[in-house]
Amino acid sequence: GAAETAAVSSGIALQAPVWMPFAFLFGLETVQPLYMAFTMFLLTPALAMLAVRWFGGGAAAVAAGGLLAMASSHHLYLWALHMGTLGAAFAMPFIPAVAGLVYRILNEERPSFVRRGLPLVVLLWGALSWPPSVMMLAPVGLGFLFGCRGWRARNLAVLAGAGLIAGALLFPAFLAKASNPAAAKLLAQATPPIDWPLALAGGAAKLHGNLAQLNPAVLFLGLLGCVFLPDAKVRRFLLPALAVFVLLAGWGEVYKPQLQLTRSVIVLGLLAAVPAALWIGRWLDDPAPAAAPLKAAAVGLLLVSARAVGDIAGNDGPARFEHSTPELREFATWIHDHVPEDARLLFAGPAVHGYGRGHVAYLPVWTGRAMVACDYYHFGIKQVEYDMPPKPFRVNDEAFVRYMDLYNVSHVATYHPDKRKVMDRNPQAFRKVAALGPKQRWAVYEVLRKPSWFLEGSGRVR
């Protein structure tokens, strides 16, 4: 058997020690929104400000960088607040800071390992706490290759030492992920045959849609403005990485659709906020009267960005955070009141986001009842069988009913018509007892059997 690595692949396993003690003390429902707010409105701008400073920005540029990072793209909040990918939302803001510190280490005369190397270890830990960030960090390596002039042994030693320490700290988590053959199978899936004219057109359309989600200041001053940055070292370091992220944002999913590489647009926005902030800082620091129109434009862009962040913080943006829905809370109450403690609730068919627009993994915590589902967590479509009961128990109605005995199922919830038909035509085994959720879409059936954790004999499980 392979280790179950969902917690590792989500990034939660490495981040949990920071916030799980608070969850135990105050409850996850209380802590999760606070953790999201900390990640979005404190951690993200703080890391961006460090990145801008390490790339040579002054006080005005640093302040602008923090604000632009929070308002860099709609995708940042779509994946964090709406999709709930907490691990990725925590990890990706570290990547521009890693880039900035690598740039600073390469360009300092005598970088100190304590002042530069150890902070880089922390930043690498944060960035790679979500394992797919390996793919997001790779373009930063291009900045290293193009931006490094005059290879100094001391500078490279600081980078290598930090990398080795971070690798040692992260090795157990990556080993746990690699031990699961399903993960390797997911990565090794062959790219389907590509119709290049269609792929190029489709990628261009996707890129246009993704770039349209960026803050205009980040799009024009960051992506386009990076080409004209007066500091050639910064330009050489940032441009290759930004170019790769642009390609991934458009055509990444054409090559490996299972990896959801469209999320690279989040890092694209965060990293492009750095040159945008450098330009704004340059304008604001310019004392010449002729710079007044540019200063006014910079202030206007920052005010618009601040307004957008204010809307998001007030949960009034296009991607809203909702811990649960009234229908889901009603469902949880019904489960607690009607499903016995000595039995399980089965979600027939894939659950996906059908119950309250989220996954069902937390329902057992809310209700105190055991459950069975094929996709209680967001597993890859090729990693698990996206149906329940498993295939051997769907060959006929008798096998379907037999599964209820084998797994001690007392109730079945489903929104799939084919599963309802199976239970409706077996009234000797199932009785519909509730219709819940939006438009009463969630049908709940009672299994007409006496619950028991024992297939044969009797006993009690505490």
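Helices (H or I, at least four residues) and strands (E, at least two) are DSSP runs, numbered from the N terminus.

This is a predicted model: local features need pLDDT of at least 70, side-chain atom pairs pLDDT 80 or more, while totals for chains, interfaces and linings use all residues. Residues are numbered from 1 along each chain as its sequence is written, and side-chain values use heavy atoms, without hydrogens and water.

In α17, Leu328, Phe331, Ala332, Trp334 and Ile335 are buried. They lie on the same side of α17, because their arc around the axis is only 160 degrees, taken from the directions from the helix axis to the C-beta atoms. Pro326 and Asp337, on the other side of α17, are exposed.

A salt bridge puts a side-chain nitrogen of Lys or Arg within 4 Å of a carboxyl oxygen of Asp or Glu. The count is eleven.

| Pair | Closest N to O |
|---|---|
| Lys419 and Asp387 | 3.1 Å |
| Arg431 and Glu446 | 2.5 Å |

Lys419 is buried at 5% relative accessible area. Asp387 is also buried, at 16%. Arg449 is buried at 18%, whereas Asp405 is partly exposed at 31%. Arg431 is partly exposed at 43%, and Glu446 is partly exposed at 24%. Salt bridges also link Glu385, Asp387, Arg394, Asp418 and Lys419 in a network.

Note on methods
Buried < 20%, exposed > 50% of the residue type's maximum accessible area, 1.4 Å probe, protein only.
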